[in-house]
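Please keep the sequence and the structure in view while reading.

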Amino acid sequence: MVCLKHPDREAVTVCAACRKPLCAECVAESGENGTYCSAECLERGTLSGIRAAGVISSADRVDRNARKRFWLWFILLLLIGGGVWFFYHKNQKTVDKWVSDKGSSIRKSADKAIREGKDRMPKDSKYKREREQLVK
């Protein structure tokens, strides 16, 4: 890669802000975040470094809050699950009877709905007659 201002010279670095290739003579400013071709690029590089640091700290804060929320929900669900388990083991016979009764009730309702649906279906239809004629 060659320097943009001096095409006969080999570039030794690139500007950290505008990414132009620079020879040793064209390096105008040197900052903590790299080398720059001008004072304007040094200022842009410094400002972008400050903005990047702000974004990174904001992302870290968001990550910390997400981890806190995760553990809070985990502990809450663990407590609820433990409460349900404790309640079930203290009242196992009552809970099992209630579940069995509700299951029977649901099965009866479903069977009744199926029977009623079958009773409402027509015994004979134009479509059924046409299909029987094709088979004969």
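## Cysteines

In Cys41, the sulfur lies 3.7 Å from the closest cysteine sulfur, that of Cys37, which is too far for a bond, given that a disulfide is defined as a pair of cysteine sulfur atoms within 2.5 Å. The sulfur of Cys3 is likewise too far for a bond, its closest cysteine sulfur being that of Cys26 at 3.5 Å. By this rule the count of disulfides comes to 0.

Cys41 is buried at 3% relative accessibility, and Cys3 is buried with a relative accessible area of 2%; here buried means under 20% relative accessible area, exposed means over 50%, and partly exposed lies in between, with a 1.4 Å probe and protein chains only.

## Basis of the values

This is a predicted model, in which local features need pLDDT of at least 70 and side-chain atom pairs count only at pLDDT 80 or more, whereas totals for chains, interfaces and linings use all residues. Residues are numbered from 1 along each chain as its sequence is written, and side-chain values use heavy atoms, with hydrogens and water left out.

## Salt bridges

The count of salt bridges comes to 3, a salt bridge being a side-chain nitrogen of Lys or Arg within 4 Å of a carboxyl oxygen of Asp or Glu. One of them joins the side chains of Arg9 and Glu25, at 2.5 Å from N to O. Arg9 lies in the segment before strand S1 (13-14) and Glu25 in the loop between strand S2 (21-22) and strand S3 (29-31), so the pair ties together parts that are 16 residues apart in sequence. Arg9 is partly exposed, with a relative accessible area of 32%, whereas Glu25 is exposed at 55%. The strands named here are DSSP runs of E with at least two residues, while helices are runs of H or I with at least four residues, and both are numbered from the N terminus.

A salt bridge also links the side chains of Lys97 and Asp101, with 3.1 Å from N to O. Both of these residues lie in helix H2, 4 residues apart, which is about one turn of the helix. Lys97 counts as exposed at 52% relative accessibility, and Asp101 is partly exposed with a relative accessible area of 41%. In the pair formed by Arg129 and Asp124, the closest N and O atoms are 2.8 Å apart; Arg129 is partly exposed at 40%, and Asp124 is partly exposed at 45%.

## Surface patches on charged and nonpolar residues

Arg61, Arg64, Arg67 and Lys68 form a positive surface patch. Patches are made of residues with over 30% relative accessible area and no salt bridge, with like charges joined within 9 Å and nonpolar side chains (Val, Leu, Ile, Met, Phe, Trp, Tyr) joined within 5 Å. Lys and Arg count as positive and Asp and Glu as negative, while His and the chain ends are not counted; the place of a charge is taken as NZ of Lys, CZ of Arg, CG of Asp or CD of Glu. Arg61 belongs to helix H1 (residues 39-90) and is partly exposed, with a relative accessible area of 45%.

A nonpolar patch on the surface is formed by Phe70, Trp71, Phe74, Ile75, Leu78 and Leu79, which together have about 670 Å² of accessible area, as given by the Shrake-Rupley method with a 1.4 Å probe. Of its residues, Phe74 is found in helix H1 and counts as partly exposed at 39% relative accessibility.

## A positive phi angle

Arg19 has a phi near 65 degrees, a positive value in a residue other than glycine. Arg19 is placed in the loop between S1 and S2, where its relative accessible area of 56% makes it exposed.

Lys102, in helix H2 (residues 92-120), is partly exposed with a relative accessible area of 42%. The C-alpha atoms of Lys102 and Glu40 are separated by 77 Å, the two residues being 62 residues apart along the chain.

Val135 lies in helix H3 (residues 126-135) and is exposed, with a relative accessible area of 72%. From C-alpha to C-alpha, Val135 and Thr46 are 86 Å apart in space, and they are 89 residues apart in sequence.
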